[in-house]
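Here is a short tour of the structure shown below. Have a look at it first, and then we can walk through some of its features together.

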Amino acid sequence: MIKIENASKTYKNGTHALSNISLEIRDGEFVYIIGPTGSGKSTLIKLLNGEEVPSSGTVLVNDINVGKLRHSKVPIYRRNIGVVFQDYRLLPRKTVFENVAYAMEVVDAPRDTLRKRVREVLKLVDVADKSNVFPAELSGGQQQRVAIARAIANKPSILIADEPTGNLDPKKSEEIIRLLEKINQEEKTTILIVTHDIEIVRRHPKRTIAIDSGHIKADLAGGGSI
């Protein structure tokens, strides 16, 4: 469960990124977060993953007050949150298998558990046949699938996808959204997608939160008009 209560964020340079926002996202939900550049979407994500703390208000994730976490505890907290970026951020000198395994190595997962889980997620995202390939040998869509596999390797309860289709053509974008829907259903992972792609939102309607100028302007159930 994500519960944000009256949260605001003002940066040191005076920028008011978020103003008194409140929302709840239940376990297992699939939610789009939309809004123009500079609307506060990225700040919201940073508050959720512990990269920033609110200037006021509270951010609760799985009953953890993220803004009150000690700096040393943030890496442990982040094990329960997977993040996927627009630019993939794969390690170029590691194979597909090694990229996904790395996420589990940093949390000291047992070797047998690691190998089993890596094979499992590569199959889930349909790149099992690319285990020994390096990122540069993959298409953009395949690289994003590997990035998603890495993000869910440790079975996070929440997966945040920040513009996951931003570098992909419409066909590949469609495939990635369908994959995220599959993960939501099969892994029971809460999915938050930050996106500018309104067509994707319309074709795959889910709850949609619209942010503008640091305020929540709309919170629409799946199927609501954008």
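Let's begin with R203, which counts as partly exposed at 44% relative accessibility. Its side chain meets that of E174 in a salt bridge, with an N to O distance of 3.0 Å. This pair links distant parts of the chain, as R203 sits in helix 7 and E174 in helix 6, 29 residues apart. Please keep in mind that this is a predicted model.

E174 itself counts as buried, at 14% relative accessibility. The side chain of E174 also meets R178 in a salt bridge of 3.6 Å, N to O. E174 and R178 are 4 residues apart in helix 6, so about one helical turn separates them.

Elsewhere, the side chains of E5 and K3 form a salt bridge too, at 3.5 Å from N to O. E5 is partly exposed, with a relative accessible area of 34%, and K3 is likewise described as partly exposed, at 29%.

Here are these pairs side by side:

| Salt bridge | N to O distance |
|---|---|
| R203 and E174 | 3.0 Å |
| E5 and K3 | 3.5 Å |
| E174 and R178 | 3.6 Å |

A search of the whole structure gives 16 salt bridges.

Which residues does Y32 touch, leaving aside its neighbours within four places in sequence? Its contacts include I177, I193, I200, V201, H204 and R207.

In what order do the 4 strands of the open sheet lie? They follow the order 2-1-4-5, with antiparallel pairing. Strand 2 (16–25) and strand 5 (64–65) are the edge strands, each pairing on one side only. Strand 1 (residues 2–10) pairs with strand 4 (residues 56–61) over 5 bridges, in the antiparallel sense, and S8 stands opposite S56 in strand 4. Helix 1 (residues 41–48) lies across strand 1, strand 2 and strand 4, and runs at about 60 degrees to strand 2.

Terms used. Residues numbered from 1 in each chain as written. Predicted model: local features only at pLDDT ≥ 70, side-chain atom pairs only at ≥ 80, totals over all residues. Heavy atoms only, no water. Pairing = 2+ DSSP bridges. Helix = DSSP H or I, 4+ residues; strand = E, 2+ residues; numbered from the N terminus. Contact = heavy atoms within 4.5 Å. Axes fitted to C-alpha atoms, helices over the stretch in contact; angles between N-to-C directions. Salt bridge = Lys/Arg side-chain N within 4 Å of Asp/Glu carboxyl O. Buried < 20%, exposed > 50% of the residue type's maximum accessible area, 1.4 Å probe, protein only.
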